[in-house]
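Colleague: I'm new to this one. Could you show me how to read a helix and its charged pairs?

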Amino acid sequence: MHFRTLGSLEVIGDEQPLPIGGFNRKAILGYLLLKSGEVVSVRQLVTALWSESPPPTARKMVQNGISGLRRLLGAGEQQTVQLLTRDPGYVLQVPPESIDFTRFEHLARTGRSRLAHGDAADASLILREALALWRGPAMADLAEFGIEWPELNALENARHAAYEDCVQAELSLGRHHELVGELEAASAEEPVRERLCGQLMLALYRCGRQSDALMAYQRTRSALVKGFGLDPGQELKELERRILRRDATLDDPDGAASLPAAAGTLPRPPEHSGDFTNTSALLAEPPTQPGLQPAAAPAAQTYAAGERPGERTHASVVRVSLIPGTADGLDLDSADSEEIDSLVKTVTLALDEEVQRFGGTVRMALNTSWLLVFGIPRSHEDDPERAVSAACAIRRRLRSLLDAQPAPACFATVSPRVVVATDEVVATYRSYGDEWPTAITGKALYACERLLSIADSDRVRICDNTRQSVEDRFSCSLAGQVADGWEVDGAAPRRAPRSRLPFTGRRTDMQTLRTVLDQVLRRQRPQVLTVVGEAGLGKTRLVEEFLRGVEESEAPIIQLVGRTPPYGHDVALSALGGILRGYAGIDESTSRAYAERQLRDAVERLVGRNEKCSWLLHRLLPCLNPEGAHVEPEDRREFGLAWRQLVEEIAADRPLIFVLDDLHWADETLLGVMAELSEHTGPVPVLLIATARPEVLQTRSCWRGGRHDAGTITLDRLSDASIRTLISAHATAGGTDRVPVARRSDETDPAAGLIARIGGNPLFAEEFLNRRGAAGDRATLPRRIRGVVTARLDMLSRYERAMLRDAAVLGDRLWTGAVAAVSGQDRGDVGNTLKRLEAKGFLQRVRYGSVEGDEEYVFTQAVVQEVAYGQLTRRARAEKHWRATDWLAALPADRAGLLPHHFEQAVALGQKTELSEHTARCLSLRAQHALAQAGQRALAEGAYEAAALCLHSAIGLCPPLHPERQRLLSLYRQSLAPHRARQRHRGPRPLPGTGISEEEACPANA
């Protein structure tokens, strides 16, 4: 069974059309086909058929139509087409190949892809095949009855875009003679499509009809001026100029590449272009007319095609140099190139080893100077700490290396200089598929260069940003002025812990831990429990509070707690070494010999002085001194076995709670030990608790939490009520900025903004309250929160990250069609990616969306949207805000209030991206014109609030003496009419962002 929708709606069965029935049945079928595979509510069907004035029996008529369609399609289980009932409506399940518009979309994407890869011949054949599926306007018989669904408009736009792509392919093949006739007819039907006009002009010129080509330009220009008050875009103007001067390159078949881009796309700027030429193309695009579909994405443009994407991010940069700041002591005349080469290779190898240990990369080596980067291409939440730790280790390593292996004579008195700076950088990639950037620039590198020019070789020097991020780990002293940086003195002494916020909102999780412990004690058998949650949700705090309760109960239970370090020589030995030291009572200041003796005594008390004791000590002693030690892969099995036997012996004496924090940092050796404990521990009372982030289940597939007696506690974000409790407790405890909490539901909640940014995360609450207090709802994001969120985003694929950034442009609420428009990607691909982002906890689907027929999402945390948006360059933000306006302008008039923000952002950001004064003024005028049109449309349809917002913004963009200002003010007064009585008694006050007062907008005699 096949469905023909690209023309009159037909159902083909056994190669014969089947009788569908009357209008209602045909309209229901058409709408269900457009929503194939999706649940369509009865309310949606009623609205689709009768808009806002359905008859009283509308629901009954829909049910009758569904019954008739089921008889037509067949309701058997073996049918390939099924019309099923699914609350709150129905779902039509149809194989995609059975609908001609899905086949068209597939062919159009394939043809466009072939064209992007330079295969114009294949692209032409495929696109012609796609266009041949059309027999007239989409569902033309329904359109005759006044049906104007956005999806039908989307199909028509896709048809035009596919035709223009086909023409581009055929022009590049030199087929201009064959194309002229049909291009003239197509341009007459669509006189304001600039890309089509450019293609006609080029074909006419190549056929020797220069005057006709110029006439085609004038027709399109007149249509644009008459309909929208706009001139053609820069690309079309340039094509006219090239035709006038008979540019020889226009005869080249590849000249088609210079034509205007498809409608809705924003072409990338030329490499190293200083002017925002892309934005000028927007001036040629008329504001979206009513009736255009909100779901129509720009012409498909893959992230990987022809772009050099850049992203803003924070990174820590280390500079290492063997060249002194001055030429003193440097005798270049005695230098030998081979000696210097040998030194550089030896140092580079040592730097590689140290940097990899701390999770960084050697970005660049320039003779005796090296650039090391932490945070690119993948960020960690503790990159500044890693960078300083690596810098200190590198300085020690190089000093000992130079002492052991004498440097060339010219470097005899030179000591390594090492500096660290943390700040924002811009990473530029060759394409979205590249893992490593081709260039890194920005403030962090600038700060590094300055520090290097004034640093000496005695100690590592760091910038103030870095110092603030590592002050809990390292002691630093000021080196002159703050701008001169800080010198690292060494590891910071243990500080008294900061006052913690109260423990709240985890009653059920705490009860689960206690229940599991009771089962372990009752059954005398091991139990494994994995506590999973995002960074900052309180996994460690939950376990600490649980252990404190066990200790206060005075139960004879041993507690062994270890933490997995995120980096270091050997993660397993470091984590397990802490557990061993805790069990044997070994202090950090204890000498190595005494520590080994204490461990020997502890093991002998467990198993006696025998061969087993010797074997255990041989395997366990490396954990006390992880520096330089390593467990070879062939020894991991016995290492895990030794730990299992130690745990069994301890638990045989007294019940044991064995805790390993941050399992997601574990290496293969530590995971092997945990697997041995969880799967093979004998019948002894052991509660094994591991805390981990969700990614451990994907990136550490060998961890299964045990095959028997295993469980998982997944921590959710705290409720708003729990966060409010934390805010109140902070205020009561004398926080620097007290945050009042509304007592009654009818009061404005002053803490709402702060609660939204905290997003149910206790760590975020602590950071906001301890650093900013009540300003948390509007202050700069604390470094620690930004680091946590950035590291989480970097766990996504590059495509998912790019899509999340595009979604962030739309704000806290977004729609699939809008993201497709902003990103320029295929709508189906966008929908699938948004679903993956929902599954990973970044987005949440809104059950009943506010845009009919489009899936709506919200960001689960406001700070995720904030960080993702901040990673876009200003140029990219400006372009994407412009694209958003095209989609939003096609929504119903009452949604026009969404437009002002995006137009204002596009104009403001455009002015910061090296625009010429003329281009910036044109952008502002285009935004003003589009907002005025949107405001007028909303006013005409009675959407007064949306009209007021659009007109208010248009006035703000309008120059003070511009003749359009008075007309806008008049329209603005009309939009305020329903509320003037309520506003007048407040007295005159300035309208934000416009520079006008209410008296000017609404004078008393108006």
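This is a predicted model: local features need pLDDT of at least 70, side-chain atom pairs count only at pLDDT 80 or more; totals for chains, interfaces and linings use all residues.

Colleague: Which residues in H3 are buried?

Modeller: An α-helix has 3.6 residues a turn, so residues three or four places apart point the same way. In H3, the buried residues include Ala 58, Val 62, Ile 66, Leu 69 and Leu 73. Seen down the axis of H3, the buried residues fall within an arc of 165 degrees, so they line one face of the helix.

Colleague: What does the face of H3 turned away from the buried side carry?

Modeller: That face has the exposed residues Lys 60 and Arg 71. Just after H3 comes Gly 74, with a positive phi of about 85 degrees.

Colleague: Now the charged pairs. How many salt bridges does a search of the whole structure find?

Modeller: Side chains of opposite charge can pair when their charged atoms come close. The search finds 59 salt bridges. One of them joins Lys 345 to Asp 341, with the closest N and O atoms 3.2 Å apart. Both residues lie in helix H13, four residues apart, about one turn of the helix.

Colleague: Where do Glu 767 and Arg 784 lie?

Modeller: Those two form a salt bridge, their closest N and O atoms being 3.4 Å apart. Glu 767 is in helix H27 and Arg 784 in helix H28, so the pair ties together parts that are 17 residues apart in sequence. Glu 767 is buried, at 1% relative accessible area, whereas Arg 784 is partly exposed, at 41%.

Definitions and conventions. Residues are numbered from 1 along each chain as its sequence is written. Side-chain values use heavy atoms; hydrogens and water are left out. Buried means under 20% relative accessible area, exposed over 50%, partly exposed in between (1.4 Å probe, protein chains only). Helices (H or I, at least four residues) and strands (E, at least two) are DSSP runs, numbered from the N terminus. The arc is that of the directions from the helix axis to the C-beta atoms. A salt bridge is a side-chain nitrogen of Lys or Arg within 4 Å of a carboxyl oxygen of Asp or Glu.
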